Amino acid sequence: MEPATTSTFPNSDPLRDFAESRGTSVPRDAMAEACRQLRVGVGELSPPIDLRPLLQKMDVKVVHEETSGDAILRRRTGGGWSIGISKDAYSRSRRRSRFTIAHELGHIILFRAFEDLGMSVRALQSPEHWQAVESLCNFAAAELLLPRETLESALRTRGLGGETIGDLRRTFDVSWQALWIRIAEVLPSTSVATWKFHARPDRNEREAFRVTQSYGGGRSRPWLPEGLTSRYLDPDLISEAADGGDALAIEVDLNLSRTSKKIHALAINSKQLLTQSEPGLFDPTPIAHFRPLDADVVIFMTASEAVSSGAIAPVWEATRSAWQVRNGVSSSQSLAPEEVSSEGQLALQLDI
Ligand SMILES: [Zn+2]
């Protein structure tokens, strides 16, 4: 059933009005439900989500055109909508364009919640609300392309790991960035960061493994600022993963200037992700539509207290078992930390 449209803005906040038109006070909850209804309504239940039936249902046509940005959303004269997608952006990354189109669907969902289109356009595009609207539409794109339950259940069953992550990206047909953001959204108290061996050109610093991007973050999540070097992690999982492929530690001390945090962490060498998901990426001829992963190592981190509280324990249990199987350790076997260190791996504490 279509939700009631609203003709006024009683809260002087269009996102609050949108939420209330769907019987909640939380815009993200309203958007998640709208996206779920749209997917279920056209039978798009399992990944990769095909956007075409969704576009058809919403009366949207996608056209290629020259645009300065990634996309332009327009109202068609005869009714319905059109999304102009930059041809250039599409040829750089088909997966990113899928996300862009899904993001524009988020805008349309918002517009359609209001009876008076002109008024809703003005309210939703006002500078005051623009950032919140953009963030909600990015959330909508993730809800459409990476359904929470499907992603969550894959991670709970298989855990985090190079093979799983590569498979997930291929299965959901999304960009790396979209996947990192969504994993951090779906897993409680978890964040993701990418690392590269480099020195930032505008600073007088030495080359080291440094954070390039952090996804997730917030009060309960481990947060790594851009440029941070791996010496703030004890043990240094990033150097381990850069050498050996992946590195798991059930207890890592994250020592930042003002905070010290214990985290569960898995660091994966990006080559491992690429070889397992898209062998063609190492082909000397660049493949259109796929953007390579611009990182040496990717790390998944969860605050240890969230794991011990059980909030995310199954994911780390599955991660640990998969890691042990891959590294030739039976999951029932207890592994002394010094035994692991002597193999040049990393100090592990398995008894959580
Ligand atoms: Zn937008």
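A: A residue counts as buried if 20 or more other C-beta atoms lie within 10 Å of its own. By that criterion, 40% of the 352 residues of the protein are buried. The model is a predicted one. It contains 15 helices and 9 strands. Among contacts with a separation of 6 or more, 59% join residues 24 or more positions apart.

The sheet comes next. Three strands make up an open sheet in the order S1-S3-S2, and its pairing is mixed. S1 and S2 are the edge strands, each pairing on one side only. On average, neighbouring strands of this sheet are turned by 20° against each other, with direction ignored.

In general, strands of a sheet pair through backbone hydrogen bonds, either parallel or antiparallel. Both senses occur here, as the pairing is mixed. Strand S1, residues 60-65, pairs with strand S3, residues 81-86, in the parallel sense over 6 bridges. Within this pairing, Lys-61 stands opposite Ser-82 in S3. Strand S2, residues 71-75, pairs with S3 in the antiparallel sense, over 5 bridges. There, Arg-75 stands opposite Trp-81 in S3.

S2 and S3 also form a hairpin, with 5 residues between the two strands. In the turn of this hairpin, Gly-79 has a positive phi of about 110°.

Helix H5 covers residues 94-112 and lies across S1, S2 and S3. Relative to S3, H5 runs at about 150°.

Two packed helices are described by the angle between their axes and the distance between the axes. Helix H1, residues 14-21, and helix H2, residues 27-41, have axes that come within 8 Å and cross at roughly 50°. That angle makes H1 oblique to H2. The crossing of H1 past H2 is left-handed. On the H1 side, the contact is made by Leu-15, Phe-18 and Ala-19. H2 contributes Pro-27, Asp-29 and Ala-30. The residues of this contact divide into 5 nonpolar, no polar and 1 charged.

Conventions
Residues are numbered from 1 along each chain as its sequence is written. This is a predicted model: local features need pLDDT of at least 70, side-chain atom pairs count only at pLDDT 80 or more; totals for chains, interfaces and linings use all residues. Axes are lines fitted to C-alpha atoms, for helices over the stretch in contact, and angles run from 0 to 180 degrees between N-to-C directions. Helices (H or I, at least four residues) and strands (E, at least two) are DSSP runs, numbered from the N terminus. Angles under 35 degrees count as roughly parallel, over 145 as roughly antiparallel, 65 to 115 as roughly perpendicular and the rest as oblique. A crossing is left-handed if the near helix is turned anticlockwise from the far one by less than a right angle, and right-handed if clockwise. Two residues are in contact if their C-beta atoms, placed from the backbone, lie within 7 Å. Ala, Val, Leu, Ile, Met, Phe, Trp, Tyr, Cys and Pro count as nonpolar, Asp, Glu, Lys and Arg as charged, and the others, Gly among them, as polar. Two strands pair if DSSP finds at least two bridges between them. A residue is buried if 20 or more other C-beta atoms lie within 10 Å of its own, exposed if 12 or fewer, and partly exposed in between; C-beta atoms are placed from the backbone.
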